[in-house]
Amino acid sequence: MAVRELSVGYVAKRCGVKVSTLHFYEQKGLIQSWRNAGNQRRYEADVLRRVSVIKAAQKLGISLQDIKLAFDTLPLSRTPTKQDWAKLSKSWQQQLEKRIQAMIKLKDSLDGCIGCGCLSMKTCPIYNPEDKLAVEGPGPVILDR
């Protein structure tokens, strides 16, 4: 079966990303290309699925580093299949669940004190005299409980 060669412009348009994004993904080792006789960057057709997986994972809040680590587990650096995507996404579920719980906690705490130590809210449910929360660490420590 002949390899379908795709230009960087075509891949960018088809995937809804900028050409510079494809260059960045390639620099990070997430996708691969080669140069043709005219020194133009070319991709195999399966790069379309790989970029789609990257975009889907990023929408879920998965870092490029975690995506790269997951892609590195695939044999011969191949593009994820449906079964691979199920395995990859399952490995990210725990991370996403923690993020969801943190966002729920943040949403429920937005109108009250978040333990920042500023002591400026007159109706603060936790006065925090003498910044006692400082021993728990920097930032909004109540949200991290």
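This tour moves through the structure stop by stop, naming what to select and what is found there.

Keep in mind from the start that this is a predicted model, in which local features need pLDDT of at least 70 and side-chain atom pairs count only at pLDDT 80 or more, while totals for chains, interfaces and linings use all residues. Residues are numbered from 1 along each chain as its sequence is written, and side-chain values use heavy atoms, with hydrogens and water left out.

**The whole chain**

Begin with the protein chain shown as a cartoon, where you can find 5 helices and 3 strands; helices (H or I, at least four residues) and strands (E, at least two) are DSSP runs, numbered from the N terminus. Followed along the sequence, these elements come in the pattern β-α-α-β-β-α-α-α. Of the 145 residues in the chain, 27% are buried, where buried means under 20% relative accessible area, exposed means over 50%, and partly exposed lies in between (1.4 Å probe, protein chains only).

**The sheet**

Select the 3 strands next, which form an open, antiparallel sheet in the order β1-β3-β2; two strands pair if DSSP finds at least two bridges between them. The edge strands, each pairing on one side only, are β1 (5-7) and β2 (34-35).

Now select N39, which lies in the loop between β2 and β3, a hairpin with 5 residues between the strands. Most residues other than glycine have a negative phi. N39, however, takes a positive phi near 65°, and this residue is exposed, with a relative accessible area of 52%.

**Helix α1 and V11**

Move on to helix α1, which lies across β1 and β3 and runs at about 80° to β1; axes are lines fitted to C-alpha atoms, for helices over the stretch in contact, and angles run from 0 to 180 degrees between N-to-C directions. Within this helix, select V11, which is buried with a relative accessible area of 0%. Leaving out residues up to four places away in sequence, V11 touches L6, L22, Y43, V47 and L48, where contact means heavy atoms within 4.5 Å. V11 and Y43 are 32 residues apart along the chain, yet their C-alpha atoms are separated by 7.9 Å.

**The nonpolar core**

Which residues of the largest nonpolar core touch the most other members? Among its 25 residues they are V11, L22, I31, Y43, V51, I67 and F71, a nonpolar core being a set of buried Ala, Val, Leu, Ile, Met, Phe, Trp, Tyr and Cys residues joined through side-chain atoms within 4.5 Å. The elements giving two or more residues to this core are α1 (8-15), α2 (19-27), α3 (47-59), α4 (64-71) and α5 (82-109), and the largest share, 6 residues, comes from α3.

**F71 and R50**

For the last stop, select F71, which is in contact with L30, R50, V53, I54, P80 and L88 once its neighbours within four places in sequence are left aside. The charged end of R50 sits over the ring of F71, 4.2 Å from its centre; a charge sits over a ring if NZ of Lys or CZ of Arg is within 6 Å of the ring centre and within 35 degrees of the ring normal.
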